[in-house]
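Colleague: I am new to this one and would like a friendly tour. Could you show it to me, and then we can go through the features in turn?

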Amino acid sequence: FEEILNKLKNSTPDKSDISGKYMLDIKGEKTWCKIIAKAMWSDTEPPEYEGAIGKIIDINDETEEMKLLEEKANLDFRTGLLNHEAAKSKITSLLASAKNKQYALVFFDLDNFKQANDVYGHLFGDEVLEHIAATIKKNIRSTDVAARMGGDEFIIFMGYRGTVEPQIKRIFESLTVDFKGFPIKVSMGVACMDGVQDYDTLFEMADKAAYSVKRSGKNSYRFYDDSLKDVVTDRG
């Protein structure tokens, strides 16, 4: 209300309408409301602020509905994980404010996903993707970021202390299991932050590490190092 009062007092006779959206405590419940008001100025010179008239409109339902729609727009419809653009935006923000924190970006795809679709059918392929997503959710923390990039490609962005390999090994082993008789195999690349503070560079490093795994036998994980610097992946 102090903010609204300041808006009113800082208005002018020619521009006296103000508005704003606020979460108010109404009878003990937090409710999103829109406040519309008009400042009243005297006819004297200079004009003096005399008060205001306005109204409070309950917009809680439409605000919550819009919030839900925005959240859904950020999710991959098949897996419930974030989509790539939403994840990239979130990771970029985390990298920008990392300071002394350590982060790793994991990129992986399924080695035999085409077989799941061709032999077992596309509905089964969808089940595999949903299983992968559920497994990821069980093995990361609420502060980590997980996304489906599209197709059978996934990324995980996680914080760590000391060494991240125990976390990577645990996630890799949880993913590479039999699912309804189908052996899930993945090629996984890991890029540690190590001074890198932009998403695109970090992703390129993880992609190169995963590509190296793919070229040397598949179904394993590898950390990016300088020996992979000149590797050219399928992405160019």
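Colleague: What radius of gyration does the protein chain have, and what would a compact globule of 236 residues have?

Modeller: A word on the source before the answer: this is a predicted model, in which local features need pLDDT of at least 70, side-chain atom pairs count only at pLDDT 80 or more, and totals for chains, interfaces and linings use all residues. Residues are numbered from 1 along each chain as its sequence is written, and side-chain values use heavy atoms, with hydrogens and water left out. The radius of gyration is taken over C-alpha atoms, and the globule rule is 2.2 Å times the number of residues to the power 0.38. A compact globule of 236 residues would come out near 18 Å, but the protein chain has 26 Å. Its C-alpha trace spans about 85 × 40 × 35 Å along the principal axes.

Colleague: How many helices and strands does the protein chain have?

Modeller: Both are DSSP runs numbered from the N terminus: helices are H or I with at least four residues, strands are E with at least two. Here there are seven helices and 11 strands.

Colleague: What is the order of the strands in the open sheet?

Modeller: In general, strands of a sheet pair through backbone hydrogen bonds, either parallel or antiparallel. Two strands count as paired if DSSP finds at least two bridges between them. In this model, six strands form an open sheet in the order β4-β6-β7-β5-β10-β11, with mixed pairing. At the edges stand β4 (82-83) and β11, each with a single partner strand, so one side of each is left without a neighbour in the sheet.

Colleague: Which strands pair with β10, and in what sense?

Modeller: β5 and β10 are antiparallel, with seven bridges; V106 has V190 in β10 as its bridge partner. Strand β10 (residues 186-192) runs parallel to β11 (residues 220-223), and four bridges join them. One partner pair there is S187 with S220 in β11.

Colleague: Is the β-α-β unit made by β10, α7 and β11 left-handed or right-handed?

Modeller: Picture the strands pointing away from you: a crossover is right-handed if the path from the first strand over the helix to the second runs clockwise. The unit of β10, α7 and β11 is left-handed.

Colleague: How many salt bridges does a search of the whole structure find?

Modeller: A salt bridge is a side-chain nitrogen of Lys or Arg within 4 Å of a carboxyl oxygen of Asp or Glu. The search finds 14. One of them joins K214 and D109, whose closest N and O atoms are 2.7 Å apart. K214 lies in helix α7 (residues 199-215) and D109 in strand β5 (residues 102-110), so this pair ties together parts that are 105 residues apart in sequence.

Colleague: Which residue meets E204 in a salt bridge?

Modeller: That is K208, at 3.6 Å from N to O. K208 and E204 are four residues apart in helix α7, about one helical turn. K208 is buried, with a relative accessible area of 9%, and E204 is partly exposed at 42%.

Colleague: What links R78, D126 and E130?

Modeller: R78, D126 and E130 are linked in a network of salt bridges.

Technical notes
Buried means under 20% relative accessible area, exposed over 50%, partly exposed in between (1.4 Å probe, protein chains only).
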